[in-house]
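Here is a friendly briefing to read alongside your model. Have the structure open, and let us walk through it topic by topic.

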Amino acid sequence: MPSEVSRVYELSFVEPRLKMTFFGRILVRVLSYVSHLVLVALALTSLVSDLRPIRALGVFLVLFLIDRFIHFREADRPFNELPKGGKVNTARFITPRAFSSLEKAFDRSSLTEQSFFLELGMQLSRSPDIKEGLVRLDVNPEEFKQKLEEFLPKSRKPGGLIRKEALLLAAQTLITSAFEHALSNGHRFIGPTDLFSVLPLMKDEFVLRLFNIFGIVSGDLGKALIFTTAKRQFSHFKRLPASLGGFMFERERELRHRIMNRAWTSRPTPILDRFSRDFTDLARRQAIGFLVGHETEYERLVDTLSRPVNPNALLIGEAGIGKETLVARLAFQIIKDAVPKPLFDRRLVALELSTIVAGAAAHELHSRLQALVEEINIAGNIILYIPDIHNLVKTSGTAYLSAADALMPIIMNNSFPFIGSTYPREFKEYLEPRSDFVGIFEIIRVEEITEEEAEKLLVYESLILEKNSKMVISFGAVKKSVKLAKKYFRNKFLPASAEELLKSAVVEASRRDEKFLGPDAVIRAAEAKVNIPIHEAKESEAKELLNLEAIIHERLIDQDEPVKAVSDALRAYRSGLSRPGGPIASFLFVGPTGVGKTELAKILAGIQFGSKDLMVRFDMTEYQDKQSFYRFIGSPDGKITGSLTEAVLQKPYSLILLDEFEKAYPDILNLFLQVFDDGRLTDNLGRVVDFQNTILIATSNAHSDIINESLKQGQTMTQIAEYLKRKLTDVFRPELLNRFSKIIIFKDLSAPDVQKIAALNLKDLAETVSSQGITLTFDSEVVKLVAKWGYDPASGARPLRRVIEDKVKNPLAQGILKKEFVRGSRVKVVVRGEELEFQTEV
């Protein structure tokens, strides 16, 4: 598929020097040096001449040589001089340094018969910029160069010298790709970094092998080299900016507040200035205007504001997603005259509605708004932007209603371009019901930027962080920040979530007095925030994962098949082999009540997420009708939030337990078809809720009687499971059953099993009591008696908790309150007849 650049331009590569012989190029180079020396000598001689015309010629030659010196590293033409379309000779946009590397690789390849692209890689690898770029990619430049030298002889093609025509074609292919790369990344010329960035795109066997060995991806390479490109642009007399706006590279000298357009037809706006921020002024100061991504939304915004009828745009998006960044970019493009004619030479002003209504009585507010509206109309060059525009129609106060009354007619009157912004929830609740208001706007939904765009933006942010922290940040750290933020920190959107994570890693590395920030530091920072293991399993952790069954059985009695199934799923996830796109795992636990289904879920939450508190439980018997369906995912009008969707948004890394799943409303069951399959769900506000960091466990008692009967008949759990899965189609749709990672069958607990569970529960109680300085022990007969009281074949171990509550915990609590058991006491519980007795030993 042709690229956007190739659709606009007819690219060629015409460079006469490469068509010359090797000695011909040397001759041209020598003549160039000689001619410059002659000009220097002529200039110096002319300056000391007594004749005024000769001295004038000397001055002219000096100025010419100074200009040549200043621009000696630049190409013949920069990209901002490109025509709007047609034929373009890419050779005119190559810097001398880039061409020098190209020329040397061209000559060496023709003489040695070795790969032209490898030869070019060798020449470029000597560049300081490329070396720094490799370091940013966590690649040792010397090791990279050694591998290059090893591959070069292997790339030799026997059978005579490589034909010059083939080399010219290879050079043209390379330069065309480098031209597109440099242009798309906002570079002024084609430089060495652009040539190096597109080497993997050349499909050369040895280049691809070389880059694969070091794990270098073409897209990553281009973004990592931004570090060196941007640093070079801010070298010498320029300093790195303090904010992203400073990377616009062109600075306005005049920083005063401008109210007059160039046609001198606009008017001052003192009242508007008092209650607003002028974005065009901020753009001139380079405080705003830097934009990566959002191209589609920006084009729609400009097109909407440029039309003669209803030039009103409403930006809808979550906080921090980039709504105001789009408006700021428009302000920057206005001051650069890079906007359509209807927007040319305008001021973009953000009205601070809260400042207008603050502390104003009704009559004062009315007069303020009247004067403000009159100013905007008379000025004639204003684009008005109102953030949080839902406040205009929000019925939470008379002040806002008055503001709406005054401003609504102007918005509807097409007097000037107008931009509003709001959030999805507020749009649905306050604006969408007002069809008369919404109808005058073009709705533009601002989406989250892609991971690739976030990486590019974070590279520029990293340069500022490096300046402040005196630390080198690798591109691997940037990429890992974006990847982990996208996966684990869904409460915020890219790039804000990734930027926050990267800053946390920088702070932590600074505390450790580290001078280099790599991916491992970012992983540590992420793990500290989410409290779950993210890093690659080390030897000790791998050993623990391999013995996961034994660890689970410390807390769960029997149920070998379920324990093995969940252990296998966790091992697959931690080794990176789990299915991409879905949740970590989704299980259907089937079995009688009180056999350990919920307990296993709690243990899993503790192992994977670090705490049993990160298990979110839903009793599906509470969601059996249409109204409860809206309580589960939110009502269409946005007034009721969804209990499930909000829980996952608040705890994106958690275990979701769906108790008695079969009793849920059918629409809810259908909802989980998408969740189990894609790991995502769209809520009532249009937000995508991500389940990819959750474990989903649904429990069911359906057909549990079959398990007991089959076990009595001597069938294995595998045989029972296959039969039960077929029977479960009576309760669940087959397509729902097929989406579970595994259907796990729990068997009944025996009396000895309940006795072991009783011992565990009593041990937990003793540990709780020990926090008060009391030592609690139990005679072995106590465990047997408690297990006997708490065993019910129909309810499993469920009555056990109540028995311990009544027979042990309550008497113990009374003894503590009566001061019978005090700090330092040793309390032993023994059996006397059919009752328990508490013996105290201080």
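Predicted model: local features only at pLDDT ≥ 70, side-chain atom pairs only at ≥ 80, totals over all residues.

Residues are numbered from 1 along each chain as its sequence is written, and side-chain values use heavy atoms, with hydrogens and water left out.

**The protein as a whole**

- The protein holds 38 helices and 20 strands.
- Of its 842 residues, 49% count as buried (buried means under 20% relative accessible area, exposed over 50%, and partly exposed in between, with a 1.4 Å probe and protein chains only).
- Among the contacts with a separation of 6 or more, 74% come from residues 24 or more positions apart (contact means heavy atoms within 4.5 Å).

**The parallel sheet**

- Five strands form an open sheet in the order S12-S13-S16-S11-S17: 5 strands with parallel pairing (two strands pair if DSSP finds at least two bridges between them).
- At its edges are strand S12 (615-619) and strand S17 (742-745), each of which pairs on one side only.
- From one strand to the next, the twist averages 20 degrees (axes are lines fitted to C-alpha atoms, for helices over the stretch in contact, and angles run from 0 to 180 degrees between N-to-C directions).
- S12 and S13 run parallel and are joined by 5 bridges.
- S13 also pairs with S16 in the parallel sense, over 4 bridges, and here Leu655 stands opposite Ile695.
- Strand S11 (residues 585-590) pairs with strand S16 (residues 695-700) over 6 parallel bridges, with Ser586 opposite Leu696.
- How much of S13 is buried? The count is 5 of its 5 residues, so S13 is largely enclosed by the rest of the structure.
- Leu655, Leu657 and Asp659 point one way from S13, whereas Ile656 and Leu658 point the other way.
- Helix H31 (residues 643-650) lies across S12 and strand S13 (655-659), running at about 175 degrees to S12.

**Nonpolar cores**

- The largest nonpolar core has 145 residues (such a core is a set of buried Ala, Val, Leu, Ile, Met, Phe, Trp, Tyr and Cys residues joined through side-chain atoms within 4.5 Å).
- Those with the most contacts inside this core are Phe144, Ile190, Phe196, Leu517, Phe587 and Leu655.
- Another core, of 39 residues, lies apart from it and has Ile633, Ala647, Leu671 and Leu696 among its members.
- Leaving out residues up to four places away in sequence, Phe587 touches a set of residues including Ala565, Leu604, Ile695, Phe740 and Ile744.

- Strand S6 (residues 382-386) pairs with S7 in the parallel sense over 3 bridges, and Ile419 in S7 is the bridge partner of Tyr385.
- In helix H20 (residues 424-431), Pro424, Phe427 and Leu431 are buried.
- Those residues cover an arc of only 90 degrees around the axis, which puts them on the same side of H20 (the arc is that of the directions from the helix axis to the C-beta atoms).
- The cover over the buried residues of H20 includes strand S4 (312-316), strand S7 (418-422), helix H21 (435-438) and strand S8 (442-445).

**Loop residues**

- Thr90 lies in the loop between strand S2 (86-89) and H5, and is buried with a relative accessible area of 0%.
- Lys747 sits in the loop between S17 and helix H36 (751-770) and is partly exposed, with a relative accessible area of 26%.

Conventions:
Helix = DSSP H or I, 4+ residues; strand = E, 2+ residues; numbered from the N terminus.
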